[in-house]
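Have a look at the fold first.

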Amino acid sequence: MTQLPDSDQTGGGRHPSIVERIETSTTPRVPFSVEFYPPRDEAAEERLWRAASVFSELGAAFVSVTYGAGGSTRDRTVRVVERIVRETDLVPIAHLTAVGHTVAELTDMVRMYGEAGVSNILALRGDPPGDPLGEWTAHPEGLHYAEELVRLIHEVGEYHVGVASFPEGHYRARDLDHDTEVLVGKLRAGAEYSITQMFWDVEHYLRLRDRAVAADPEQGAKPIIPGLMPVTSLRQVKRMVELSGCALPDDLAERLRTAAGDGPEENREAVREVGIDLTTRMCERLISEGVPCLHFNTLNFSRATREVLTNLSMAPAPGVAASRI
């Protein structure tokens, strides 16, 4: 690994680890968590904090805040995470990507999070800025792999580190065996859990879990948290499939196309109804299979995720206090 600058071994320590949070959660049935994006404008900012208030009331185990490719949202990510620590009772995970950064810059970011009271970091290699599917090139003074970033974070200070996992395999991996080797390597480096890329077929998640345990019974048994996104737009789904490479099952694609209709504008409410039903069914299956937590990509909205949680008897209907569930 690239030489690490001198470290004063600062670290977070204010919040419990994510593993502790999901093990001690009192949310009915199974813990849940959500993902936010750093807002781009004032309206998006207001929407994010409204959603944060809702998920705080509902008892989210944690909330993750994304970090743009090449650090494109770095300042906004730090600002959001700092405000979560300062003004809410939510436990934040700060994303951190290696792409486009020197080791010194990454070290500074880790220390900055620690100074803000953040002790949970999600270590990601990250996608190339501009074209996420383009050629990946490491910074000359940076890191090549997420495994190296996990080790770097632990060398800087005492943090709880998570990583990403890919139910259908990362699109840059040679095959599923190679993808599993990479995940196990990150866990051996000190990652305590992983959060998966979104998927629409629960079997992909179950096979990932099996592969991880088969590759390393100890490390592979660490929590693999399924990443989910309630579908509310056919256009949204197509974009996510394009960027992530995850497959959209033919039967689901047909249901969504039928719901969207043939007109110039898709029937968003009909698509949304299909999406909420799909995500609810996926969650029911995942809960029955013993998942440690359900992680929802919210796009900074609360309505769709709350509807799924209500369907699962994990949240009251809108307008009913969470304390009455």
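Phe-36 is buried, as its relative accessible area is 0%; buried means under 20% relative accessible area, exposed over 50% and partly exposed in between, with a 1.4 Å probe and protein chains only. Phe-55 also counts as buried, at 0% relative accessibility. This is a predicted model, where local features need pLDDT of at least 70, side-chain atom pairs count only at pLDDT 80 or more, and totals for chains, interfaces and linings use all residues. Residues are numbered from 1 along each chain as its sequence is written, and side-chain values use heavy atoms, leaving out hydrogens and water.

How many aromatic pairs does the structure hold? There are 3. Rings of Phe, Tyr and Trp (its six-membered ring) pair if their centres lie within 6.5 Å; planes under 30 degrees apart count as stacked, over 60 as edge-to-face and the rest as tilted. Two of these pairs are:

| Pair | Type | Centre to centre | Between planes |
|---|---|---|---|
| Phe-36 and Phe-55 | tilted | 6.3 Å | 40° |
| Phe-199 and Tyr-205 | stacked | 6.0 Å | 15° |

Phe-36 sits in strand β1 (residues 32-36) and Phe-55 in helix α2 (residues 42-58), so the pair links distant parts of the chain, 19 residues apart; helices (H or I, at least four residues) and strands (E, at least two) are DSSP runs, numbered from the N terminus. Ring pairs also join Phe-32, Phe-36 and Phe-55 into a cluster. Over in the other pair, Phe-199 is buried at 1% relative accessible area, and Tyr-205 is buried at 0%.

Now for helix α5 (residues 146-156): its buried residues include Ala-146, Leu-149 and Ile-153.
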